[in-house]
Amino acid sequence: MIAASTSRHDGITAILAHPDFARLKRRIIDVTGLQYYDERDQVLADRIEQRCNQLNRPVAAYMADMLASAAGGEFSALVDDLTIGETYFFRYPEQFELLRQVVIPERLADQQGMRPLRIWSAGCASGAEPYSLAIVLADHFQPALANGRASILATDINRHALAQAHEGRFTDWELRTSGDDFKRRCFTRDGRHWVLRRHFRQSVSFEHQNLATDLAAFAQTNAGHFDIILCRNVMIYFSPALTRRLTRLFAQCLAPGGWLLVGHAEPYFEIANILSPVVAGGTMAYRKAGGMPDDAIALRPAEPQRRSPADDWVNPALHPEPELEIPVSTFVAPAVPAPSMTAPASTAPDAARSLDDDMARIRHLADAGNWSEAATAAEQGLKRHPLEPAAYYIYALIAEHGGSMAEAEDALGRAVYLDRSQAVVHYHLGRCQLRRGDRRAAQKSFDNAIRLLAPRPVDWTVPFGDGLTAGELRDLLQIHLEQMSR
Ligand SMILES: C[S@@+](CC[C@H](N)C(=O)[O-])C[C@H]1O[C@@H](n2cnc3c(N)ncnc32)[C@H](O)[C@@H]1O
């Protein structure tokens, strides 16, 4: 036993010291997007060592093979071992309530039966997430969505997880918040496993897909296709740049007014610039512009006490285990904050640095899902920098996340008052005004943003836009203006 663990330790040390290790690590991150491993050499080396042991291959030869191989075969098996597939049925139950009470009814009303409902679970792991959706549809939206009137596409990079998902076979661990009645109603017992009943599986199809490399082509052929996308607890392992790129592509895949649901600790600012946060029922989702106006949607709060016969999805007595994911923002330095939007940034370096530090801290807290701390920090930021539009801007985005639209609008108005030249601030202000139903004010704000962007080239990075380019912001503004003219 001691000999085995000593030799494992030696193997890992040899991998870490090998000149190919850094290149292989880079390649794995580039291919999978898993920035998570950038600062986890030990874990990565451990997985490589395990693969070598299983295959009885010397580490040097194995790493050389992996560097030379195309992304299939053993490379794919290594990727399977590197992904984190933590999942369970009805994870974040409040999001399933939001889907049931607001999102799905809104999509059905918007489509008026003209086409099937299309849902995509991106990063579905072993299938608990798409199957939870299928159960919601079967329990609450029959017969409207019977006979192919709804489809759920579920994709993942992990082939092993997809094979399990396809079988619909789960352990107690993946059903750990579900009560016995629910299990018996939806599953049959097969030894240690629970097998999902066939009629819940019919609407779900599984496909292999690597979000880091395949999504651009997928978005081209599926533009405007999906009503709802779930990508939960996947982007937390990616870099902010990849998150931005994926959000743009998800937005491209969504139908006008379509919804994106993410996990609780996903990077917020990257997403909120592209899709509007909508707060309801104690949770939040993002929505693409262009569908039914927000004020026409029944944003009813979830009512946990009122349970319908089918609402045995989650047994309230079975509290979920603490989440295992470690958000990317806990080990990646927070995104470099955009420069202060006012001139004093360059003339008073110390003051500017402390503003930037404050902004970075707020972002860091928000990206890690610490919303109440982020809100407190944003308030303190305002007190410390009362003349900085950047402080009002970030305060507004945090308020928007909390559903305090009036506060958000007020803070954006102050940011504009202090500096009229930031297109992204006018854009966010217009979004708030539109939600309040003030179309004239919104039109003016969007026009201001368009005018400010006019001289800028398409690929110009918009200050404070978290990587958003002038071309992309123009497209987003156009969608809003078209929505208003309908
Ligand atoms: C923590 S699980 C989340 C599962 C489910 N969405 C949930 O929240 O319960 C993350 C999933 O993302 C998948 N994943 C990681 N990188 C991916 C990539 N580049 N493309 C597609 N899926 C990826 C992993 O294989 C894993 O199944």
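1. How much space lies in the second largest cavity? In this predicted model, the second largest cavity holds about 30 Å³ of space, and it belongs to a set of two cavities of 30 Å³ or more that the structure contains.

2. The residues around the second largest cavity can be named one by one, and a student may wish to find them in the structure: they are Asp-358, Arg-361, Ile-362, Ala-377, Gln-380 and Arg-384. Helix H15 (349–367) and helix H16 (371–384) each contribute at least two residues to this lining. Sorted by class, the lining of the second largest cavity has three charged residues, two nonpolar residues and one polar residue.

3. Turning to the largest pocket, the space inside it comes to about 770 Å³, and 40 residues form its lining. Those that lie nearest the centre of the largest pocket are Thr-83, Ile-84, Gly-85, Glu-86 and Ala-125. By class, the 40 residues of the lining are made up of 17 nonpolar, 13 polar and 10 charged residues.

4. Glu-86 sits in the loop that runs between H5 and helix H6 (93–111). Is Glu-86 buried or exposed? Its relative accessibility is 12%, and because buried means under 20%, Glu-86 counts as buried. The side chain of Glu-86 is also joined to the side chain of Arg-176 by a polar contact of 2.5 Å.

5. A last point concerns the cysteines. A disulfide is a covalent bond between the sulfur atoms of two cysteines. How many disulfides does a search of the whole structure find? The search finds zero disulfides. Cys-52, with a relative accessible area of 3%, is buried, and Cys-432, at 3% relative accessibility, counts as buried too; both assignments follow because the cut-off for buried is under 20% relative accessible area.

Methods. Residues numbered from 1 in each chain as written. Predicted model: local features only at pLDDT ≥ 70, side-chain atom pairs only at ≥ 80, totals over all residues. Heavy atoms only, no water. 1 Å grid on protein atoms, 1.4 Å probe; cavity = no way out; pocket = protein on both sides within 12 Å on 5 of 7 lines; lining within 4 Å. Points joined across faces, edges and corners; volume = space filled by probe spheres on them. Nonpolar A, V, L, I, M, F, W, Y, C, P; charged D, E, K, R; others polar. Helix = DSSP H or I, 4+ residues; strand = E, 2+ residues; numbered from the N terminus. Buried < 20%, exposed > 50% of the residue type's maximum accessible area, 1.4 Å probe, protein only. Polar contact = N/O pair within 3.5 Å; in protein donor to acceptor, adjacent residues only side chain to side chain. Disulfide = S-S within 2.5 Å.
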